[in-house]
Amino acid sequence: VGKAVTIQELREPGYQGFYVAIGAQGGRKLGISGEEAQGVISGIDFLKDVAMKRREPLQGKIVVVGGGNVAVDVARSAIRYGGDSVSMYCLEKREEMPASSDEVQEAEEENIEMNCGWGPKEILTENGKVKAVVFKKCVSVFDEEHRFNPQYDENDLKTVECENVILSIGQSIEWGNLLEGTK
C-alpha cells in the first residue's frame, strides 16, 4: 500500500476503512551537531543492512547510543560484524535500562562495554567523518511525574574517540506516500 496500490484504489471496490499496520521501521535522530557525518547510522538501518548483507564489515571503535533491547542487538551485531570494540552509552542507570538484564549480561559476555548515565552532546568530525562523541553526564532521566525529561551536568563531559556511531534511541514510522489523498 502506497507503492503498488494506493488507498484511493482500495476504496474503488467499496472498502471504507483500513487498518494500517506498517510497524516502526525508521530510526530516530538526536538533534545534535555532527549526526549527519559519515560513520553515523541508525540502529534500525544497521540491523536491516546486516540482515540483507548490504553492508561492509565495520572497522575500528564503535559507539552505540541507547539502552534498550534494540540497542543491545545493535551492539552485539556490531561486535560480530567486525568492530574492534563496541561501547554502549545510555542515559539510564544500569538498573533502569529498558533492555532486559539477561540481554545486557550477554552483551557484556561478548566484551561490550556498558556506560550508563551518559547522553550525547555532540559528534565530533574530521573531513566529514566521525572522530569522537562528546557525552554529558545524565543526572536524572525522568521528572517528578515520571515523564521523560533528562537533566544533565553540562560540566561533567567525556569524549570518546570512535570511527562509527550507531544511534538506537527509538524508532519512527516512515509513512512515505501511504496517506496521500486521504483525510
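Me: Is N127 buried or exposed?
Reply: This is a predicted model, where local features need pLDDT of at least 70, side-chain atom pairs count only at pLDDT 80 or more, and totals for chains, interfaces and linings use all residues. Residues are numbered from 1 along each chain as its sequence is written, and side-chain values use heavy atoms, with hydrogens and water left out. Buried means under 20% relative accessible area, exposed over 50%, and partly exposed in between (1.4 Å probe, protein chains only). N127 has 76% relative accessibility, so it counts as exposed.

Me: What is the phi of H146?
Reply: Most residues other than glycine have a negative phi. H146 sits in the loop between β7 and β8 (148-161). Though not a glycine, H146 has a positive phi of about 60°.

Me: How many disulfides does the structure hold?
Reply: A disulfide here is a pair of cysteine sulfur atoms within 2.5 Å. For C138, the nearest cysteine sulfur, that of C90, is 9.1 Å away, and C138 is in no disulfide. C162 is in none either, with the sulfur of C90 as its nearest, 16 Å away. The number of disulfides is 0.

Me: Is C162 buried or exposed?
Reply: The relative accessibility of C162 is 2%. That makes C162 buried.

Terms used: Helix = DSSP H or I, 4+ residues; strand = E, 2+ residues; numbered from the N terminus.
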